[in-house]
Amino acid sequence: DWSHMDSQTVIKAYDYLSESSAHLADMERWVSNYCDKSLRNLLPQHFGSAEELMAQVRLQGEAPRDLLVRIAGLKQEQRILNEGISTWLEAAEVPDTYSFRVQLVGKLKSAWHTGLLRRLGVDQEIAGPSWRSEPAGQMLNLSGSTLIDLPNLPRTGFEHVQHLNMYGLRASSESLNRFLGSFTQVRELNLSANNITHYSPEQGY
């Protein structure tokens, strides 16, 4: 199963095999199968099928190698996300905050998955009245307790979030600056009751 191999190894294998025209038809099937399984790994709880995702990806008309590079970037993004939140959970100094951190991890992973679906051209339906036109995942609520720090996140993957509620987290300014650097398209940000003494747009919030 190539989907569990290092992405750069997969790309190098493609480059090597694609030099022979005799392998072109097989290569297309191989790339399709690789991407299909990779998407299943990236989105194991997706409400639809991997075939639906692949159909959307194909509609975007990317060349096979470009698609491999794109999948590699998504895998790297997921790796940074998982490593960041795992390190953050392990570093919890106050046992009472661990359960809240677990809740935030679930919300962050869910937000990343929603953003990935949107980038792949698949929008999830949002529950609620029919008059709601807000795309799924635009609001992220991380309030509910206090924390001394926040996890390291990938720099990309959360561009769909436009409303971010971080009321009362009270994390350090340094931690907030780093964290908010991953939310580049936020239009409404609630930082009330946080350890912030000075607001500067240059800081990213």
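Where does Ser 3 lie relative to helix 1? In this predicted model, Ser 3 is found in the segment before helix 1, which spans residues 7-17. Ser 3 has a relative accessible area of 6% and is therefore buried, the cut-off for this class being under 20%. Apart from neighbours within four places in sequence, the contacts of Ser 3 are with Tyr 34, Lys 37, Ser 38, Asn 41 and Lys 75. With Asn 41, the side chain of Ser 3 forms a polar contact of 3.4 Å.

The chain contains six helices and three strands, arranged along the sequence in the pattern α-α-α-α-α-β-β-α-β. It comprises 205 residues, of which 39% count as buried. Of the contacts between residues at least 6 apart in sequence, 67% link residues at least 24 apart.

Helix 4 (residues 64-90) and helix 5 (residues 98-119) have axes that come within 10 Å and cross at roughly 170°. Angles over 145 degrees count as roughly antiparallel, and the two helices, helix 4 and helix 5, are therefore roughly antiparallel to each other. On the helix 4 side, the contact involves Arg 70, Leu 74, Glu 77, Gln 78, Leu 81, Asn 82, Ile 85, Trp 88 and Leu 89. These meet Tyr 98, Arg 101, Val 102, Leu 104, Val 105, Lys 109, Trp 112, Leu 116 and Arg 119 in helix 5. By class, the residues of this contact comprise eleven nonpolar, two polar and five charged.

Technical notes: Residues are numbered from 1 along each chain as its sequence is written. This is a predicted model: local features need pLDDT of at least 70, side-chain atom pairs count only at pLDDT 80 or more; totals for chains, interfaces and linings use all residues. Side-chain values use heavy atoms; hydrogens and water are left out. Helices (H or I, at least four residues) and strands (E, at least two) are DSSP runs, numbered from the N terminus. Buried means under 20% relative accessible area, exposed over 50%, partly exposed in between (1.4 Å probe, protein chains only). Contact means heavy atoms within 4.5 Å. Axes are lines fitted to C-alpha atoms, for helices over the stretch in contact, and angles run from 0 to 180 degrees between N-to-C directions. Angles under 35 degrees count as roughly parallel, over 145 as roughly antiparallel, 65 to 115 as roughly perpendicular and the rest as oblique. Ala, Val, Leu, Ile, Met, Phe, Trp, Tyr, Cys and Pro count as nonpolar, Asp, Glu, Lys and Arg as charged, and the others, Gly among them, as polar. A polar contact is a pair of N or O atoms within 3.5 Å; within protein, one must be able to donate a hydrogen and the other to accept it, and residues adjacent in sequence count only if both atoms are side-chain atoms.
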